[in-house]
Amino acid sequence: MSDAFVSLEDVTLSYGQTAAVPNLNLNIREGELIALLGPSGCGKTTSMRAIAGLLAPSSGRIIIDGADVTRTPANKRGIGLVFQSYALFPHLSAFENVAFGLRLKRLRETEIRAKTEAGMATVGLTGFEARKPGEMSGGQQQRLALARSLVMEPKVLLLDEPLSNLDARLRLEMRNELQRVQKDTGITMVFVTHDQSEALALADRIVLMRDGRVEQLGKPAELYAEPATAFAADFMGFENIFRAEGAALVSEQGRLALDFDAPAPFLAWRPSGVTVGDGRHSGRVVASSFAGAHREYVLESDLGQIKAEAPIETPEVPIGNSIVFDLPQSTARPLAA
Amino acid sequence: MSRLAIWTILGITLTFLIGPFLIVILAGASAGEALAFPPQGLSLKWYAKVFTVESFRASFALSMFLAIFGTLAALLLGIPAAYALHRYDLPGAETIRTIVAAPVIVPGIIVGLALLRYFVVPFDITITMALFVTHTALVMPYAVRVVSSSLNNLRADMEEAAVILGCTRLQAFTKVVLPNIRGGILAAFILGFVASFNEVPASLFLSGPGVRTLPIDMLSYMEITFDPSVAALSALLAFMSVAIVFIAERLLGFSRYV
């Protein structure tokens with residue numbers, strides 16, 4: 001498995017005068033399912049459009065499968081793209097949508113038929129050939145868009161927010177479907193998302209982006225357990241992120257003494273890493289909610305609000321009452337600025 | 001509002017909309033010799049006479065030619081214009097839209113006078129050619145407007161999807177954009193056709209001896225011969241317009257685009 005099936009080398013992408021992505025370096029491995037994750041405006045969609053050839057970089061190189069495609073137009077790149085809105089052709093039947101690209105390749109009619117039928121079977125749409133996209137549900141349209149890209153046997157398949165237009169149940173179904181298709185076909189997939197749970201669940205590796213740069217790149221478990229920066233920690237669900245000075249945490253509201261010296265400029269705790277009902281600090285409960293296996297509290301402390309979780313066995317502390325808590329060294333995640 | 005009031009308003013509205021139409025139909029069906037309402041007896045002789053008037057035949061042919069080819073020319077120019085205005089972030093796009101709409105905003109008399117004085121006379125252009133150019137310009141706003149609105153209903157990423165699947169830009173336009181704005185183009189054609197066919201003020205300036213559009217010909221016919229054949233012809237033309245719009249509505253839900 002090569003480490004650089006798709007490479008972006010010093011790629012700068014601009015809209016007019018503003019550089020949306022100033023200098024991106026990224027290597028995507030063959031056959032992996034990689035997620036470009038980040039908030040809106042972080043450059044993830046822009047980067048994906050550059051790989052597809054819909055946006056020409058103002059500098060840098062894009063290499064796919066050993067060939068420099070920086071100047072190759074989108075229609076000659078051999079890349080698939082599933083659009084967020086699916087971008088199906090409303091005037092064509094489902095069959096003709098899938099066959100669209102094959103017809104442009106001037107394949108024999110029998111071959112077009114065979115590939116289209118196989119493609120529709122892959123995504124479970126056999127029997128829907130004659131339907132128009134407008135007569136299909138959101139989930140079916142999504143799978144049709146996927147089939148339309150897959151039958152082209154692209155070197156890389158790009159997916160723009162593939163699950164964002166689906167309801168919760170369909171989203172889970174489609175997630176499994178994407179993983180299955182990826183394992184079956186071994187196709188290299190790059191998908192763009194702003195939803196960290198989606199990225200964590202689906203991707204082999206996650207590229208966390210911020211302001212057009214790669215903030216952190218790693219396996220989902222690495223990113224989840226060991227975010228490197230305050231931004232990454234925030235994105236990975238560390239609710240309590242504080243600036244540290246020596247053996248204390250400081251915020252605009254005040255400070256809180258720690259019983260250890262902070263090893264990094266920032267420290268973060270997940271709600272589950274905060275000890276409740278035992279410790280040297282005290283906070284007032286301002287919110288409390290039942291979450292199945294545990295109870296979630298929001299505590300008002302000298303430092304500001306702290307989110308904590310208590311085991312469901314412990315008695316509930318009413319809102320307004322004070323409770324003791326601790327921010328232990330063992331669950332603290334040190335973070336770079 | 002009471003039922004009576006609703007029916008009264010509906011009745012008055014319909015009277016004003018359809019009333020003149022009925023008067024013209026009946027006036028044309030008169031058995032008398034002069035244009036009058038109510039008609040003096042009923043007969044279809046004036047409807048028959050319409051087809052025997054030589055100048056009507058010639059001017060009908062000219063009007064048909066202008067309506068069909070003027071509108072086609074307007075679409076040929078208007079579709080790319082609408083596409084460019086829609087697709088690209090052009091500097092001064094709003095100004096261009098206003099200029100394109102100008103021929104329907106500026107009174108036809110002024111358009112006709114200006115064209116005659118500064119276009120037809122100095123360049124010594126034939127009357128047919130001048131009428132063709134004028135009708136093309138007058139129909140352009142309809143072409144651009146209606147095609148623009150159906151382009152607005154089209155998702156921009158469909159073209160990109162077509163390109164990713166291997167289309168050139170031109171193929172993406174012909175294979176994906178055009179089929180999806182087909183209804184709008186047809187609607188623009190019908191609107192343009194009707195507008196051109198009924199155009200009077202600008203054509204009035206440009207019509208010359210022996211070369212007249214049908215409405216102008218009808219005007220000058222009436223100045224000389226005050227018989228009911230003009231009413232009969234008007235009724236026939238109205239029926240033609242109604243038939244075109246009816247067929248268009250049936251075929252493609254015309255009213256969605258207008």
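**Helix 6 of chain B and its two partners**

Let's start with one pair: helix 4 of chain B and helix 6 of chain B sit oblique to each other. Keep in mind that this is a predicted model. Where does "oblique" come from? The axes of helix 4 (residues 93-105) of chain B and helix 6 (residues 127-152) of chain B cross at roughly 125°, and an angle over 145 degrees would be needed to count as roughly antiparallel. Those two axes come within 7 Å, and their crossing is left-handed.

Now look at who does the touching. Helix 4 of chain B brings Val100(B), Ala101(B), Pro103(B) and Val104(B), while helix 6 of chain B answers with Ala137(B), Leu138(B), Met140(B), Pro141(B) and Val144(B). Sorted by class, that contact has nine nonpolar residues, with no polar and no charged ones.

Next, stay with helix 6 of chain B and turn to helix 8 (residues 169-197) of chain B. Here the axes come within 8 Å and cross at roughly 155°, which means that helix 6 of chain B is roughly antiparallel to helix 8 of chain B. This crossing is right-handed.

The contact takes in, among others, Leu138(B), Val139(B), Tyr142(B), Ala143(B) and Val146(B) from helix 6 of chain B. Across from them, helix 8 of chain B supplies residues including Ile181(B), Gly183(B), Gly184(B), Ala188(B) and Leu191(B). What classes do the residues of this contact fall into? They divide into 13 nonpolar and seven polar, with no charged residues.

Key
Residues numbered from 1 in each chain as written. Chains lettered and ligands numbered in written order. Predicted model: local features only at pLDDT ≥ 70, side-chain atom pairs only at ≥ 80, totals over all residues. Axes fitted to C-alpha atoms, helices over the stretch in contact; angles between N-to-C directions. Helix = DSSP H or I, 4+ residues; strand = E, 2+ residues; numbered from the N terminus. Parallel < 35°, antiparallel > 145°, perpendicular 65-115°, else oblique. Left-handed = near helix turned anticlockwise from the far one by under 90°. Contact = placed C-beta atoms within 7 Å. Nonpolar A, V, L, I, M, F, W, Y, C, P; charged D, E, K, R; others polar.
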